[in-house]
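Reader: I'd like to go through the wording used for this model, one term at a time. Can we start once it's on screen?

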Amino acid sequence: MTQIEFARQFSHADVLLSQGRYKQAEDILDRLVATGFEDNDLFRMLAVAKMGLKKYDQAEELCRMVISRNPNEAFAFYILANLRSHDRNFGEALGNLSEAIRIDPSNTNFHAFHANILLHTKDFEKALSAADRSLSLDAENTDGLNARASALIGLNRGDEAFETISKSLASDPNNSDTHANMGWGLLHQGMSDKALVHFRSALKEEPMNEFARSGMMEAMKAKFPVYRYFLVVMLWLGKLKGANQWGVIIGSYILFRILFTLAESVSWLQPFLYPIIGLMVLFFISTWIFSPLMNLYLLSNNYGRLMLNDQQKSSARWVGISLLASVFGFLIYFFIYQNDGILSASFFLFVLMIPLGSMNNPQLNKNRTRLNWAAISIAVIVIVDSVIAIAHNTFMSSYYLFPLITLVAYQWYANYLLIRE
């Protein structure tokens, strides 16, 4: 292959990458590598194509090879940071990105991505500083503007955030990420109807935008007033760092135990405390099953169904089966056959919605697999306990504590995995 032909195909692959046509670009770049060309630009572009095709191990291998040839290849470190960010290993991602910035401190995209990683770790002040550094190099950098707006939302500086997003939209009115960012900002303000408009615009420009798709789902569910307030609380909780989230969870549990003990000890306080305790229990349960129940509603809606991914559809279906079985059991108990074991089974089938509804929540496949197996194990334990309870016509079988303990343990374990991500 002549140098001219190499340059032509190399240029064609570059255009394909800019269009997100990774498979076609990979085919061309693989052919160029097979002809014996060993150009670092070629390997970097091939790494981008592999990453776009989710061939992460091959992309990392190419980056490592480029760095071994030239330790000052900033873009290779930038790709490694992207790969580690995908694995949600944000510590290593920041390390690789810091090296890329050290080598090429004037690259505005590096600083914008630095801000985005810091957003994942809830370091909003540092994310804002990184976004500002990006914008000091290019005041109209869309990624930098979006990262700055997200950081300001995290810092509860909504007016400044919307001002930044408006500037980004003025610079690039058809940018999908910017519309999605505006939508999430409006959701944080409880304005779901306005958020829907921007999520629609985002998906019109980029139908596969996951950030916009998930926002669209939440905005659709927020049409229900109760869910709207629930979402505001969840978004507030989501802004907290892991340690602070644990503080809220443990603090709420301690408060619950204090109120329950106080109610048992002081009888005249019971009429005041039991309603509070009941609301707390209802809220705790809702944090686990409210979203999948709303997904079940979306699953019954032709348009809403398109918003759900395969994992969300699966969880919604299992939640629906568990809920239907629970209601069916309660109806049998109250109207047909009053076996206390049926009442026990109905109760546990209702609570089983917690693991079934949250088992697909993690971003990482390995964590989803862990929670899926945990949910299956709990379901088996619940079924065994229910059979024993029905056979003995008792609400509390000899194995009653087993499903109860595993359900409580599941919630702590799931919280652990989700907060770590």
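Reader: What do the buried residues of H6 pack against?

Author: Helix H5 (74–86) and helix H7 (108–120). Helices here are DSSP runs (H or I, at least four residues), numbered from the N terminus. This is a predicted model, where local features need pLDDT of at least 70, side-chain atom pairs count only at pLDDT 80 or more, and totals for chains, interfaces and linings use all residues. Residues are numbered from 1 along each chain as its sequence is written, and side-chain values use heavy atoms, leaving out hydrogens and water.

Reader: Which residues of H6 are buried, and what puts them on the same side?

Author: Phe 90, Ala 93, Asn 96, Leu 97, Ala 100 and Ile 101. They cover an arc of only 140° around the axis, so they sit on the same side of H6; the arc is that of the directions from the helix axis to the C-beta atoms. Gly 91 and Arg 102 are exposed, on the face turned away from that buried side.

Reader: Why is Arg 213 called buried?

Author: Buried means under 20% relative accessible area, exposed over 50%, partly exposed in between (1.4 Å probe, protein chains only). Arg 213 has 11%, so it counts as buried. Arg 213 belongs to helix H13 (residues 210–221). Beyond its neighbours within four places in sequence, its contacts (heavy atoms within 4.5 Å) are Leu 203, Met 307, Leu 308, Asn 309 and Gln 312.

Notes:
Helix = DSSP H or I, 4+ residues; strand = E, 2+ residues; numbered from the N terminus.
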